[in-house]
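Visitor: Please present the model, and let us then discuss its sheet and its aromatic pairs.

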Amino acid sequence: PVNNDEADKAEVYATLVEWLDDSEEDVQSLLAHLATALAPHWSAVKYMLLIGEGRNGKSVLLKMVLALLGSHNVSHVTRQDMSASKSTCLDLQNRLANIVFDGPASYLKDSGPEKSLIAGEVTPIRRLYSSLTTPVQTNGLFIEGLNREPKTGDKSLALQKRLVRFQFTRTYELD
């Protein structure tokens, strides 16, 4: 349901500003990128990386986005799986977003399939136990929570333009 309470909206906005180290510019960018997930026939061509050590709001934000979009509209495929063209990439088809709560920091060898999937291009993915490929295409927004960004062999501008980094620098106690 839509919440038209201005006080609630202001509280959520203020929380986002705090999470992103008092940067209203970063909050505006974050909200603009999140809004692209609501346009299923348009590809943002972006992969949002929420980076921070932990207990800083990343998972709370991802849970909010998941609840907003509904679990049936979200996949959970890691960048490493995309890079390796694993069969799990088939789950990206027709999703509004791909959310990875705690992405691995392991090395990314090949970013070709990842770049194609982020761009909304048709990418052939081999099904498990089959020699046939299935074309996968998604316009979903890619979002991943990370403690630190994984290293990659691809230093190209093409990959860097697709990655949008948001630093979550503050930490909060359990209570």
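Guide: Strands (E, at least two residues) and helices (H or I, at least four) are DSSP runs numbered from the N terminus, and two strands pair if DSSP finds at least two bridges between them. This is a predicted model, in which local features need pLDDT of at least 70, side-chain atom pairs count only at pLDDT 80 or more, and totals for chains, interfaces and linings use all residues. Residues are numbered from 1 along each chain as its sequence is written, and side-chain values use heavy atoms, without hydrogens and water.

Visitor: In what order do the five strands form the open sheet?

Guide: The pairing is parallel. The edge strands, each pairing on one side only, are β2 (74–75) and β7 (163–167). The order is β2-β3-β6-β1-β7.

Visitor: Which residue in β6 is the bridge partner of Ile51?

Guide: Strand β1 (residues 47–51) pairs with β6 (residues 141–146) over five bridges. The partner of Ile51 is Leu146.

Visitor: How far apart are the ring centres of Tyr47 and Phe142?

Guide: Rings of Phe, Tyr and Trp (its six-membered ring) pair if their centres lie within 6.5 Å; planes under 30 degrees apart count as stacked, over 60 as edge-to-face and the rest as tilted. The planes of Tyr47 and Phe142 stand at 20 degrees, so the pair is stacked. Tyr47 belongs to strand β1 and Phe142 to strand β6, 95 residues apart. The centres are separated by 5.4 Å.

Visitor: Is Tyr47 buried or exposed?

Guide: Buried means under 20% relative accessible area, exposed over 50%, and partly exposed in between (1.4 Å probe, protein chains only). The relative accessible area of Tyr47 is 0%, so Tyr47 is buried.
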